[in-house]
Amino acid sequence: MSTNLIIARPSAEEYPEWVTGYIATVQSENLLEALQASHDHNLSQIQTLNEEQLTYRYEPGKWTIKEVLGHIIDTERIMAYRALRFARKDKTPLPGFDQDLFVENAQTQQRDIQAIMKEYSAVRQANIELFRSFNEETLAQSGTANDRQISVRALGYTIAGHETHHWNIIKERYL
């Protein structure tokens with residue numbers, strides 16, 4: 001695949017309504033650029049935070065920044081797995097997941113932030129290469145996840161937009 005591949009924004013017919021807000025937050029018209037830019041920006045932002053900031057809860061029962069980061073990583077893995085399945089034309093319906101259960105059992109509070117960010121970088125770089133490997137036909141493939149139809153392309157934009165959504169909350173409520 002070309003290193004200059006442009007993965008354009010999906011059309012509204014390619015995804016369920018619940019991801020509209022995520023996709024709308026993606027500023028770039030090229031998914032690969034959006035994923036790389038958010039990765040670079042967010043890594044630099046995390047480096048400025050201390051442990052007290054990383055483990056702060058703005059309200060009882062709300063996630064800490066470390067937990068939000070773990071949630072971003074887990075969600076990216078799940079969305080990329082869905083994209084891979086649909087890219088390979090697997091039409092098996094895929095279930096949703098319980099994000100609160102994932103956060104509760106990820107133990108990110110006990111992890112060193114450098115280890116979390118190393119995992120984040122590994123997941124992101126793997127997914128950039130995964131999406132770079134797809135051609136237009138593959139990006140247009142779709143399947144059922146969480147009882148809704150979604151395309152491979154839309155799953156990529158969901159990854160980028162979901163991360164932006166959470167960073168907007170971090171800026172608004174934690175910093």
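Let's start at the largest pocket: α2 and α8 each supply at least two residues of its lining. Keep in mind that this is a predicted model. The space in that pocket comes to about 290 Å³. Sixteen is the count to remember here: 16 residues line the pocket, and Q27, A34, S38, H41 and T164 sit closest to its centre. What classes make up the lining? Eight of the lining residues are polar, five are nonpolar and three are charged.

α2 covers residues 31-46, and α8 covers residues 152-173. Their axes lie 10 Å apart, and the packing angle is about 30°. That angle makes α2 roughly parallel to α8. The crossing of α2 past α8 is left-handed.

Which residues touch? From α2 we have L31, A34, L35, S38, H41, N42, Q45 and I46. Their partners in α8 are G156, Y157, I159, A160, E163, W167 and K171. By class, this contact has eight nonpolar, five polar and two charged residues. Note that A34, S38 and H41 of α2 are in this contact. A34, S38 and H41 are also among the residues closest to the pocket centre.

Next, α2 has another partner, α6. Helix α6 runs over residues 113-132. Here the angle is about 170°, with the axes 10 Å apart. So α2 and α6 are roughly antiparallel. On the α2 side, the contact takes in L31, L32, L35, Q36, S38, H39, N42, L43 and I46. On the α6 side, it takes in I113, M117, Y120, S121, R124, Q125, I128, F131 and R132.

On to α6 and α4. Helix α4 spans residues 65-87. The axes of α4 and α6 come within 10 Å and cross at roughly 20°. That makes α4 roughly parallel to α6. α4 passes α6 in a left-handed crossing.

The α4 residues in this contact are K66, L69, I73, E76, R77, A80, A83 and L84. They meet I113, I116, M117, E119, Y120, V123, R124, N127, L130 and F131 in α6. How many of these contact residues are charged? Five are charged, alongside twelve nonpolar and one polar.

One last point, on α6. I113, M117, Y120, R124 and F131 are among the α6 residues that meet α2. I113, M117, Y120, R124 and F131 are also among those that meet α4.

Definitions and conventions: Residues are numbered from 1 along each chain as its sequence is written. This is a predicted model: local features need pLDDT of at least 70, side-chain atom pairs count only at pLDDT 80 or more; totals for chains, interfaces and linings use all residues. Side-chain values use heavy atoms; hydrogens and water are left out. Axes are lines fitted to C-alpha atoms, for helices over the stretch in contact, and angles run from 0 to 180 degrees between N-to-C directions. Helices (H or I, at least four residues) and strands (E, at least two) are DSSP runs, numbered from the N terminus. Angles under 35 degrees count as roughly parallel, over 145 as roughly antiparallel, 65 to 115 as roughly perpendicular and the rest as oblique. A crossing is left-handed if the near helix is turned anticlockwise from the far one by less than a right angle, and right-handed if clockwise. Contact means heavy atoms within 4.5 Å. Ala, Val, Leu, Ile, Met, Phe, Trp, Tyr, Cys and Pro count as nonpolar, Asp, Glu, Lys and Arg as charged, and the others, Gly among them, as polar. On a 1 Å grid over the protein atoms alone, a cavity is a set of points where a 1.4 Å probe fits but cannot get out, and a pocket is an open set with protein on both sides within 12 Å along at least five of seven lines; lining residues have an atom within 4 Å of a point. Grid points are joined across faces, edges and corners, and a volume is the space filled by probe spheres set on the points.
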